[in-house]
Amino acid sequence: MDYALVQKTYFERFLVLVFVCYLIFKIFNKKTLLNPKNAIPSKQEFILKHNKKLDLIARICMVTYVLYSVPYVIFPALQDIPYVAKDKYNIIQCKTISHDNVGDMSKIREIEVVDINSGNKLYLKVNYTPIQENQYFTIVYLPHLKIGKIIDEKAQ
């Protein structure tokens with residue numbers, strides 16, 4: 001498994017967790033989020049006039065971010081901790097259906113594969129390698145985060 005990719009992913013998820021905790025604190029804080037004294041002078045009057053509406057909009061945006069990030073970003077990372085701790089990953093023999101065409105800008109690539117044994121479709125993020133459609137691979141991946149590493153390429 002690509003430990004650098006796992007460490008990077010967990011570091012990113014940890015930063016999101018810290019940011020979510022900060023947002024939760026700010027959401028339930030009694031103070032208004034926008035202070036007119038900190039705004040540029042031409043906008044201070046506008047902020048004073050519409051402070052409650054702007055505060056409500058900001059809190060709604062923060063709640064939306066928290067409600068999205070907890071189940072889709074933080075929980076999958078928490079669910080995969082036992083797999084990382086035991087160094088036990090899922091192994092799949094698969095065939096690619098599609099892939100992204102990012103190029104050299106990204107070190108990871110999103111691919112859609114179908115399991116040869118069960119026929120299930122998966123979307124995975126794997127280490128950057130030249131990937132074509134209908135190639136056969138053996139991939140080691142984390143089941144909830146859906147990140148992995150191509151460990152074997154088979155020509156068929």
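Isoleucine 81 sits in helix H4, which covers residues 81-86; helices here are DSSP runs of H or I with at least four residues, strands are E runs of at least two, and both are numbered from the N terminus. With 42% relative accessibility, isoleucine 81 counts as partly exposed. The cut-offs are under 20% relative accessible area for buried and over 50% for exposed, with partly exposed in between, using a 1.4 Å probe and protein chains only. Tyrosine 10 is 71 residues away from isoleucine 81 in sequence, yet the two C-alpha atoms are 9.5 Å apart in space.

A word on the ground rules. The model is a predicted one, so local features need pLDDT of at least 70 and side-chain atom pairs count only at pLDDT 80 or more, while totals for chains, interfaces and linings use all residues. Residues are numbered from 1 along each chain as its sequence is written, and side-chain values rest on heavy atoms, with hydrogens and water left out.

Zooming out, the chain has 4 helices and 5 strands, and from the N terminus the order reads α-α-α-α-β-β-β-β-β. The chain has a radius of gyration of 22 Å, whereas a compact globule of 156 residues would come in near 15 Å; the radius is taken over C-alpha atoms, and the globule rule is 2.2 Å times the number of residues to the power 0.38. Along the principal axes, the C-alpha atoms fill a box of roughly 70 × 35 × 25 Å. Of the 156 residues, 33% count as buried. Among contacts with a separation of 6 or more, 50% link residues 24 or more positions apart, a contact being heavy atoms within 4.5 Å.

As for the surface, the accessible area of the chain is about 10700 Å², and carbon and sulfur atoms hold 60% of that; the areas come from the Shrake-Rupley method with a 1.4 Å probe, and for residues only the protein chains shown count as cover. There are 21 positive and 14 negative side chains, and the centres of the two sets lie 14 Å apart. In this tally Lys and Arg are positive, Asp and Glu are negative, and His and the chain ends are not counted. Each charge is placed at NZ of Lys, CZ of Arg, CG of Asp or CD of Glu.

On to the inside. The largest nonpolar core has 12 residues, among them Ile92, Leu122, Phe137, Ile139 and Tyr141. Strands E1 (90-99), E2 (108-115), E3 (121-127) and E4 each give two or more residues to this core. A second, separate core of 9 residues includes Met1, Leu5, Leu142 and Ile147. By definition, such a core is a set of buried Ala, Val, Leu, Ile, Met, Phe, Trp, Tyr and Cys residues joined through side-chain atoms within 4.5 Å.

Isoleucine 139 belongs to strand E4 (residues 136-141) and counts as buried because its relative accessibility is 0%. Leaving out residues up to four places away in sequence, isoleucine 139 touches Asn90, Cys94, Val113, Leu124, Val126 and Lys149, among others. Phenylalanine 28, by contrast, is 111 residues off in sequence and 44 Å away from isoleucine 139, C-alpha to C-alpha. Valine 126 has contacts beyond four places in sequence that include Lys107, Ile108, Ile131, Ile139 and Gly148.

Isoleucine 131, another member of the largest core, is found in the loop between E3 and E4. Its relative accessibility is 1%, so isoleucine 131 counts as buried. Setting aside neighbours within four places in sequence, isoleucine 131 contacts Thr96, His99, Arg109, Ile111, Val126, Phe137 and Ile150. The C-alpha atom of valine 66, 65 residues away along the chain, is separated from that of isoleucine 131 by 35 Å.

Two loop residues show positive phi values. Asparagine 134, also in the loop between E3 and E4, has a positive phi of about 65 degrees although it is not a glycine. Lysine 146, likewise not a glycine, has phi near 60 degrees and is located in the loop between E4 and strand E5 (147-154). At 28% relative accessibility, lysine 146 is partly exposed.

Serine 42 counts as exposed because its relative accessibility is 58%. Serine 42 and asparagine 29 are 13 residues apart along the chain, and their C-alpha atoms are separated by 27 Å.
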